[in-house]
Amino acid sequence: MKGKLYFLLFPLYVIVVVFILHINGVFTGQVGSLENLAINVVFLAVIGVLFLVSMISFTRLNHCTDELTELAVQIQKDYQAAGNKNLWNSYRERKEVFYEKPLADAFRRYRLRMRRFATNNGYAGGCELDEYINEDLLDKVGMSHFNSGMSGTLTGLGILGTFLGLALGLGSFQGDDIYTISDNVGPLLMGMKVAFHTSVYGIFFSLVFNFVYRGIMADAYERLGLFLDVFRQCVQPAAGNGGNEAAMLVYQANMANSLKGLLELAQGETKEQSEGVERIVDRFVDRMNITLGANFQKLGLVLSDAGKAQESNAKLCRELIDAVNGMADANRELLRDMELMFERQKAFEEGLKEQKEQVSAACQEIGNQLYTFGQMRNLYEKQ
């Protein structure tokens with residue numbers, strides 16, 4: 001109902017125009033001032049043109065939001081009829097999803113982008129429809145850049161009419177004494193009459209238009225939100241369907257390669273450390289043997305054992321690297337097997353479709369034969 005509020009502008013505009021013409025004596029034939037009447041007519045004509053442009057934009061916006069609402073209802077019906085299954089396969093190639101050009105262009109761009117994420121087994125990624133059909137699109141259709149400034153424009157026209165009326169009244173005001181001044185009071189009052197009239201209907205139209213505009217846009221945004229919720233639930237394809245297993249295997253392989261590099265680096269550092277420790281131990285033992293005797297030979301043996309332990313650690317690292325390489329090879333084999341399984345499943349699905357078509361053709365042929373047999377039997381019974 002809020003989307004139809006702009007229909008109030010036309011009757012209100014007609015009422016104000018009739019009222020202004022009445023108080024200026026048009027209907028009674030007693031026009032007090034042609035200048036005042038001309039100013040009011042010009043101002044009302046300008047406001048009428050602005051209202052006409054706004055009503056055209058509101059009509060376009062209302063058509064778009066009506067189509068969003070109708071499509072949301074249709075999607076829900078199709079979703080229930082399909083057994084609560086996703087409807088993307090039926091909507092991604094449909095030619096006439098939207099009839100309004102802004103919505104049709106936006107949905108076409110959305111489908112083109114979704115095709116970039118398509119794989120043999122689903123979608124490796126995706127995007128939201130609200131990146132294309134959103135509040136910015138409705139603002140463009142509803143000419144928000146124009147309508148958002150209408151309230152201030154109407155108020156400004158009222159103020160302009162005020163100063164213009166006062167200028168006309170003061171321009172015709174002449175005299176140096178009380179007698180001549182009293183003769184010019186009438187033109188001054190007529191100018192003030194124009195000033196007050198333009199201010200009144202300028203501010204009045206500004207308030208009414210602001211109320212109507214906010215109601216229309218709030219209703220449009222609400223309808224858009226409902227449509228996007230229904231689309232996400234019933235139509236939008238899930239990102240990553242069919243590619244999670246392959247992506248996980250690739251991730252494991254990458255992790256294995258990274259771990260292999262780290263272990264190789266650790267192996268190299270361990271070997272260098274072991275050789276360095278051995279050199280330090282030899283020099284230290286030689287120096288201690290010279291200075292303190294054989295008591296430090298035992299210490300040398302202990303440190304030598306530490307070097308051997310470092311070598312054993314390096315050997316274990318090499319074994320771990322071999323195990324990681326084996327796991328990476330197994331992951332690659334598993335990835336190839338998964339791809340082969342997906343291909344066989346796709347071929348099986350195509351075979352089922354062909355068998356379904358053959359069975360349908362056979363059923364149709366049997367139906368035709370039964371019908372022919374019935375006709376022949378009827379002819380035989382008649383004879």
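A residue counts as buried under 20% relative accessible area, as exposed over 50%, and as partly exposed in between, with a 1.4 Å probe and protein chains only. Select Asp229 to begin: with a relative accessible area of 45%, Asp229 is partly exposed.

The model is predicted, so local features need pLDDT of at least 70 and side-chain atom pairs count only at pLDDT 80 or more, while totals for chains, interfaces and linings use all residues. Residues are numbered from 1 along each chain as its sequence is written, and side-chain values use heavy atoms, with hydrogens and water left out.

**Stop 1: salt bridges around Arg232**

A salt bridge is a side-chain nitrogen of Lys or Arg within 4 Å of a carboxyl oxygen of Asp or Glu. Asp229 and Arg232 form such a bridge, and their closest N and O atoms are 3.1 Å apart. The two residues are separated by about one helical turn because they stand three residues apart in helix α9. Helices (H or I, at least four residues) and strands (E, at least two) are DSSP runs, numbered from the N terminus.

Glu128 is partly exposed at 30% relative accessibility, and Arg232 is partly exposed at 35%. Which residues make up the network of salt bridges here? Its members are Glu128, Asp130, Asp229 and Arg232.

**Stop 2**

Select Asp219 and Arg223. Their side chains meet in a salt bridge, at 3.2 Å from N to O. Both residues lie in helix α9, four residues apart, which is about one turn of the helix. Are these residues buried or exposed? Arg223 is buried, with a relative accessible area of 17%, and Asp219 is buried at 10%. For the model, the count comes to nine salt bridges.

**Stop 3: the aromatic rings**

Rings of Phe, Tyr and Trp (its six-membered ring) pair if their centres lie within 6.5 Å; planes under 30 degrees apart count as stacked, over 60 as edge-to-face and the rest as tilted. By this rule there are 16 aromatic pairs. Select Tyr13 and Phe205: their ring centres are 6.1 Å apart and their planes stand at 35°, so the pair is tilted. Tyr13 belongs to helix α1 (residues 9-23) and Phe205 to helix α9, so the pair ties together parts that are 192 residues apart in sequence. Tyr13 is buried, with a relative accessible area of 18%, and Phe205 is buried at 1%.

Next, select Phe209 and Tyr213. Their ring centres are 6.3 Å apart and their planes are at 5°, so this pair is stacked. Both residues lie in helix α9, four residues apart, about one turn of the helix, and both are buried. To view the cluster that ring pairs link together, select Tyr13, Phe51, Phe58, Phe204, Phe205, Phe209 and Tyr213.

**Stop 4: two surface patches**

Patches are made of residues with over 30% relative accessible area and no salt bridge; like charges are joined within 9 Å, and nonpolar side chains (Val, Leu, Ile, Met, Phe, Trp, Tyr) within 5 Å. Accessible areas come from the Shrake-Rupley method with a 1.4 Å probe, and for residues only the protein chains shown count as cover.

Select Phe10, Val14, Val18, Val26 and Phe27, which make a nonpolar surface patch of about 440 Å². Phe10 is in helix α1 and counts as exposed, at 54% relative accessibility.

Then select Glu349, Glu350, Glu354 and Glu357, which form a negative surface patch. Lys and Arg count as positive and Asp and Glu as negative, while His and the chain ends are not counted. The place of a charge is taken as NZ of Lys, CZ of Arg, CG of Asp or CD of Glu. Glu357 lies in helix α11 (residues 295-382) and counts as exposed, with 57% relative accessibility.

**Stop 5: Pro102 and Leu137**

Finally, select Pro102, in helix α4 (residues 101-116). Pro102 is partly exposed, with a relative accessible area of 24%. How many residues separate Pro102 and Leu137 in sequence? They are 35 residues apart in sequence and 7.7 Å apart in space, from C-alpha to C-alpha.
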